[in-house]
Amino acid sequence: MSLSELDLNDFRRQLADGGVIIETGPFTFRITCHLPELADALRLFYGDFPLGKESQVDFHLVVRARRFSLPRSRMAEVFVDGRRLFAPFPFSAAIPNIEWALNWWIYTFAHNYLLIHAGTISRAGQALILSGVPGSGKSTLCAELVAAGWRLLSDELALVEPRTGSLHA
């Protein structure tokens, strides 16, 4: 079952009340979000991902409103396994901060893979790894290829299984 198959009200309730478990490639994480206004964006971005099981959870990501934030400058924080990773940010930057937290966890703990800073796309069962220095146009090229019918796997990193050469984006 994918995240988008959850009833919207059930998704919102689970998200705030213990979290939703999502499989992303070889990793499974639980996301808990106490910001109801982010539920629709999370569902949009992660709707196609399968729901995971409690026994599969690799890490827990929590997004919540920052305490003591002024009413006009609503700020949020993201935590991974209880550790705040970044300075508080405006609500409007929540999705990028969630993505950065996911990437941080992978960079920090996925040592059984070869990690490549690269865009990865696929079509017809084949994948391309587009590596390059920051600012070289990897994300732009990925966007153009997606517009031409390719599937975006990641515009940030590729994980290669050293024993098999399998790609996980």
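The model is predicted: local features need pLDDT of at least 70, side-chain atom pairs count only at pLDDT 80 or more, and totals for chains, interfaces and linings use all residues. Residues are numbered from 1 along each chain as its sequence is written, and side-chain values use heavy atoms, with hydrogens and water left out.

The protein chain contains four helices and eleven strands, counted as DSSP runs (helices H or I, at least four residues; strands E, at least two) numbered from the N terminus. Its radius of gyration is 17 Å, close to the 15 Å that the globule rule gives for 169 residues, so the chain is as compact as a globular protein of that length. That radius is taken over C-alpha atoms, and the rule is 2.2 Å times the number of residues to the power 0.38. Along the principal axes, the C-alpha atoms fill a box of roughly 45 × 35 × 30 Å.

Of contacts (heavy atoms within 4.5 Å) between residues at least 6 apart in sequence, 56% join residues at least 24 apart. Buried residues make up 37% of the 169, where buried means under 20% relative accessible area (1.4 Å probe, protein chains only). The accessible surface comes to about 9,700 Å², 54% of it belonging to carbon and sulfur atoms.

| Residue | Relative accessible area | Class |
|---|---|---|
| Cys33 | 3% | buried |
| Cys142 | 1% | buried |

With a disulfide defined as a pair of cysteine sulfur atoms within 2.5 Å, the count is zero.

Conventions
Buried means under 20% relative accessible area, exposed over 50%, partly exposed in between (1.4 Å probe, protein chains only). Accessible areas come from the Shrake-Rupley method with a 1.4 Å probe; for residues, only the protein chains shown count as cover.
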